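Welcome, and take a moment to look around before reading on.

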Amino acid sequence: MKQNEKWRALKNNVYALRLLWKISPSQTIHKAVTRLLGYFEWLFYSAFFMRYVIHALETDQEFPSIITFLMITVVVFASISFYNSYVNGKVLPITQAEVYKNLNLKLFEKSGNVELACFEDSEFYNKYTLAMDRAAEQLMETVDTIWGVFFGVIASVVSFALMFEVDAISVLFIIFPIIGNFVFDRKLGQIDFERNKDMAPYNRKIAYVNRVMYLADYAKEVRLTKAFALMKRHYSEAIRGVVEVTKKYTPKAVVFHWLRVQFTFSFIFEGLLIYGAYRTLVGHTMTLAQLAVLTSMMVSSTWILIGFTDSLVKGFKNGLFVDNLRGFLEHKESIPEDYAGEDPGEVIENIEFRDVSFSYKEEPVIRHLSFEIRGGRTYALVGHNGAGKSTIIKLLLRFYDPDQGEILLNGRNIKEFELQKYRALFATAFQDHQIFSLSIMENVLMRKGTPEDEEQVVKALKMAGVYDKAASLPHGIHTVLTREFSEEGAVLSGGEYQKIVVARAFVRNCPCKIFDEPSSALDPIAENELFDNILKAGSEKTMLFISHRLSSVQNADWVFMLENGTVKEEGTHAALIQKKGAYADMYEKQAVNYLAKGPEESEVQG
């Protein structure tokens, strides 16, 4: 490991210790004390207890004094055992729950505050998922390892000093477990790393096949096609790959594992025992008490050293996890959700895009876009896929900021406003919506509802055209959607879910309502009814909607036809038809498709 990597790992471990201390000082202290007492037991038994007992027997000490020492020892060890039971049985379960709650709340808060672009950045998202994966367990394990290293160093020094006191030469035998742990164990770690790296492509393929075979999303295709045979072939190839990689690294791993065992255990145990026996039986320069203490210290020193080196290795490995956690928690948001600013008020007089350009991952999406929306009118954004329609909405809501130009609300740059108050001006219904495992009422309100809210929710569901379905469910609008947590949950069609999302926009009393492809999962008749209700609901609001079906935008006050991230044409529906440009051409082609279908075909769409 390079020097700068070691230094970073050290700083990350210190960061983890400080973080757990802030979250749960109690757990931090108890983990330290538990580690300390563990090493104390090893040293006390091997160095002091064994020495005293054998010396007492050799010198014919009085029995009462021996019993007193033994009783004190029993009390001390019983107290330590009671403390460990208390910590493991009561303290740690309570503090672990505390760590789970507080750390995850910290992560959730940060997750909710970072800008949307972070979730679309694969490198950042990987760090986020790694930070979230077993975060509490990893943090507690990291701190436990830190104490293992800290007290392991102290215990190792003490054990070496005690061995040196008994026999200076015996300390030299410690070099064997040092070589075993720091040289051969490191080699094994490198082999494991290389083996896991070579196995990664095969393991990913195995994991993918496992997901495909048990997820319900793939069940229909698997049963109606020969996909199972294809998956089975890929699975078998991946297993063969894993076997080949294992064969490749096994010979070296076996050799280094044998060397590690010999150096860590055999050479020191057998070597030190032979050395001590020679001095005791042949040279007569060591007493039996010293030999007993020396052999006992040998065992303790070896296991203390093994524990220390294991903790040290784990500490460097944990540094990677902490690096992801720290990087995520210390990320500086470009558009934080708690962005402070001025109050935008509650009235929208006009919204203006002024020479706005924006690139996504260095790919231009919006190019020198300029247009104006006036309060109290209905606008439609239309165009082919990739024209930039949804990106305009994301820029308007400040999920992103323009690379060039500015967006103005009532003549002021939207960056001047407090973000939450600014976004509260807009009610939205997105095409790529999400339904939560909550009641229908909560899915519409997107907050905890009260009995007073029910009337507004029912009204919104009726306008969205999904109230009859909701009312037919066992608990009406209080029925939980999806079966994530209960088999009694309701599973609706894609079109019904989309209508519930539209109801979210209906129920909110905002000056501007935005509908992004609100009818993509609906048939033409349901779509027409929905847009009629959208226009009725927006009679006194500023309305902005995106639709790929131009038949639904003809009643809008103004239409913006987008192409390559800029406005190609704009005007009323009638004016654009008369112009016979790109909008008219697109409208006529869609009209031909609708006319080519019979009434029955149209009704079964969506």
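## Charges over rings

The charged end of Lys 462 is placed over the ring of Tyr 467, 5.2 Å from the ring centre. Here a charge sits over a ring if NZ of Lys or CZ of Arg is within 6 Å of the ring centre and within 35 degrees of the ring normal. Arg 398 likewise lies over the face of Tyr 339, with 4.5 Å to the ring centre.

A word on the model itself: it is predicted, so local features need pLDDT of at least 70 and side-chain atom pairs count only at pLDDT 80 or more, while totals for chains, interfaces and linings use all residues. Residues are numbered from 1 along each chain as its sequence is written, and side-chain values use heavy atoms, with hydrogens and water left out.

## Aromatic pairs

Searching the whole structure gives 22 aromatic pairs. Rings of Phe, Tyr and Trp (its six-membered ring) pair if their centres lie within 6.5 Å; planes under 30 degrees apart count as stacked, over 60 as edge-to-face and the rest as tilted. Phe 173 and Phe 176 make a tilted pair, 6.3 Å centre to centre with 50 degrees between the planes. Phe 173 also forms a tilted pair with Tyr 275, at 5.7 Å centre to centre and 45 degrees. This second pair links distant parts of the chain: Phe 173 is in the loop between helix H6 (135-166) and helix H7 (175-214), Tyr 275 is in helix H9 (residues 227-282), and the two are 102 residues apart. Helices (H or I, at least four residues) are DSSP runs, numbered from the N terminus.

How accessible are these rings? Buried means under 20% relative accessible area, exposed over 50%, and partly exposed in between (1.4 Å probe, protein chains only). Phe 173 is buried at 16%, and Tyr 275 is buried at 17%. Phe 176 is partly exposed, because its relative accessibility is 26%. One aromatic cluster takes in Phe 173, Phe 176, Phe 184, Phe 256, Phe 263, Phe 267 and Tyr 275.

## Two helices side by side

Two packed helices are described by the angle between their axes and the distance between the axes. The axes of H7 and H9 come within 9 Å and cross at roughly 170 degrees. That makes H7 roughly antiparallel to H9. Axes are lines fitted to C-alpha atoms, for helices over the stretch in contact, with angles running from 0 to 180 degrees between N-to-C directions; an angle over 145 degrees counts as roughly antiparallel.

In the contact of H7 with H9 there are 27 nonpolar, nine polar and ten charged residues. Ala, Val, Leu, Ile, Met, Phe, Trp, Tyr, Cys and Pro count as nonpolar, Asp, Glu, Lys and Arg as charged, and the others, Gly among them, as polar.

## Salt bridges

The whole structure holds 18 salt bridges, each a side-chain nitrogen of Lys or Arg within 4 Å of a carboxyl oxygen of Asp or Glu. The table lists some of them.

| Residues | N to O distance |
|---|---|
| Asp 192 and Arg 195 | 2.2 Å |
| Asp 453 and Arg 447 | 3.1 Å |
| Lys 568 and Glu 563 | 3.8 Å |

Asp 192 and Arg 195 both belong to helix H7, three residues apart, about one turn of the helix. Asp 192 is partly exposed at 32%, whereas Arg 195 is buried at 19%. Asp 453 is buried at 14%, and Arg 447 is partly exposed at 43%. Lys 568 is partly exposed at 44%, and Glu 563 is partly exposed at 30%. Finally, a network of salt bridges links Glu 342, Arg 412 and Glu 416.

Definitions and conventions:
Parallel < 35°, antiparallel > 145°, perpendicular 65-115°, else oblique.
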